[in-house]
Amino acid sequence: MQTSISTTRSEVLQQMEGFVKSNMSTFLKSVEESWQPADFLPDSRRDTFFDEVKELREKAGSLSYDLLAVLIGDTITEEALPNYEAWFYELDNINRDRNNGWAEWIRGWTAEENRHGDLLNRYLYLSGRVNMREFEVSTQFLINDAFDLGTANDPYRAFVYTSYQEQATNISHRRVGQLARTAGDDQLSKICGMIAGDENRHARVYKSFVTEIFKYDPSEMMLAFEDMMRKKIVMPAHYMREMGVEMGKTFGHFTDAAQRLGVYTSADYTDILDSLIADWDIEHLSDLTGEAEKARDYVMALPNRLRRVSDRMAVPKLEYKFKWIS
């Protein structure tokens, strides 16, 4: 179904509400069938608790410095979840009525995501390798400092952002898990794998939102996609910092470590863009305005431009001593 060029975002989201509501059972898992952090960590009620913690600490001791730093940075990002829910509720044209499909999705997505930080936080605490106070300071800073993702309270731009970001976090958690397994920490590998699975499912949901919007309002959706790509997608933790460190500087060192390990690189950024172009069938969109056609041309040409830049980028060599790591 195509709509006129004057279609408002509010009208589109209202028409999509039934789609969101009817697919909720595939978008989200019920609380009853969801995994919980306690499923993957030593149970303090058991007599074997201290032995299990000792084993966890021994395996965590095998993680490299960079891998531990990336794991901590990922955890801080997950722990800043209250910011993300508040940001979603600030989007224009989102119906906040409790029984509305959009509100149900936001609550359910937040509830699923909340487990990620809880699980990783407890693992780090039990590992004995992390200065938890410094970690907690960085988490509070990140929530306190908030963030600007460049979406301007626009749901179209927001769904481009979340489609991108959820795929990026899936890649990061999955690769941390693979590296943990190589290092001999199967428990951490399983933890990261479960979280990556959630992120992958969430990415599919957000991509489906954009797919639906393209049916109703192709030109405006195309312009929103182009705008987000011109700004470049920034991760929600880009203001990450440690005590006494300028805002954003710690995030730079965190991403350097991720690049050295191959956990998340500039090539991954471009690969995600390629996947979105394919998933949304950008090449074959029809009924676009002249401005939207130009936006499509820009987006279609962008992956090759990004790869040329990426090929010239050196992998950062300088290691940074994080205050998080004892």
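Residues are numbered from 1 along each chain as its sequence is written, and side-chain values use heavy atoms, with hydrogens and water left out.

So, confidence. pLDDT is the predictor's confidence in each residue, from 0 to 100. The protein averages 92, and 98% of the residues score at least 70. Helix H3 (residues 49-60) has the highest confidence at 98, and helix H5 (residues 81-89) the lowest, at a mean of 74. When I say helix, I mean a DSSP run of H or I with at least four residues, numbered from the N terminus. Over residues 1-6 the pLDDT is below 50, and that stretch has 14 contacts in the model beyond near neighbours in sequence; a contact is heavy atoms within 4.5 Å. Where pLDDT is low, the predicted coordinates should not be read in detail.

Next, the helix pair. The axes of H9 (residues 186-216) and H10 (residues 218-231) come within 6 Å and cross at roughly 135°. Those axes are lines fitted to C-alpha atoms over the stretch in contact, with angles from 0 to 180 degrees between N-to-C directions. That makes H9 and H10 oblique to each other, as angles under 35 degrees count as roughly parallel, over 145 as roughly antiparallel, 65 to 115 as roughly perpendicular and the rest as oblique. Who touches whom? On the H9 side we have Val210, Ile213, Phe214 and Tyr216, and they meet Pro218, Met221 and Met222 of H10. By class, that contact has 7 nonpolar residues, no polar and no charged. Nonpolar here is Ala, Val, Leu, Ile, Met, Phe, Trp, Tyr, Cys and Pro; charged is Asp, Glu, Lys and Arg; the others, Gly among them, are polar.

Now the holes. On a 1 Å grid over the protein atoms alone, a cavity is a set of points where a 1.4 Å probe fits but cannot get out; a pocket is an open set with protein on both sides within 12 Å along at least five of seven lines; and lining residues have an atom within 4 Å of a point. The largest pocket has a volume of about 690 Å³. It has 29 lining residues, with Met235, Phe251, Thr255, Tyr264 and Tyr269 nearest its centre. That lining splits into 14 nonpolar, 12 polar and 3 charged.

The second largest pocket is about 270 Å³. Of its 14 lining residues, Lys29, Ser30, Val31, Gly108 and Ala111 are closest to the centre. H6 gives the most, with 6 residues, and the classes come out as 4 nonpolar, 5 polar and 5 charged.

Definitions and conventions. This is a predicted model: local features need pLDDT of at least 70, side-chain atom pairs count only at pLDDT 80 or more; totals for chains, interfaces and linings use all residues. Helices (H or I, at least four residues) and strands (E, at least two) are DSSP runs, numbered from the N terminus. Grid points are joined across faces, edges and corners, and a volume is the space filled by probe spheres set on the points.
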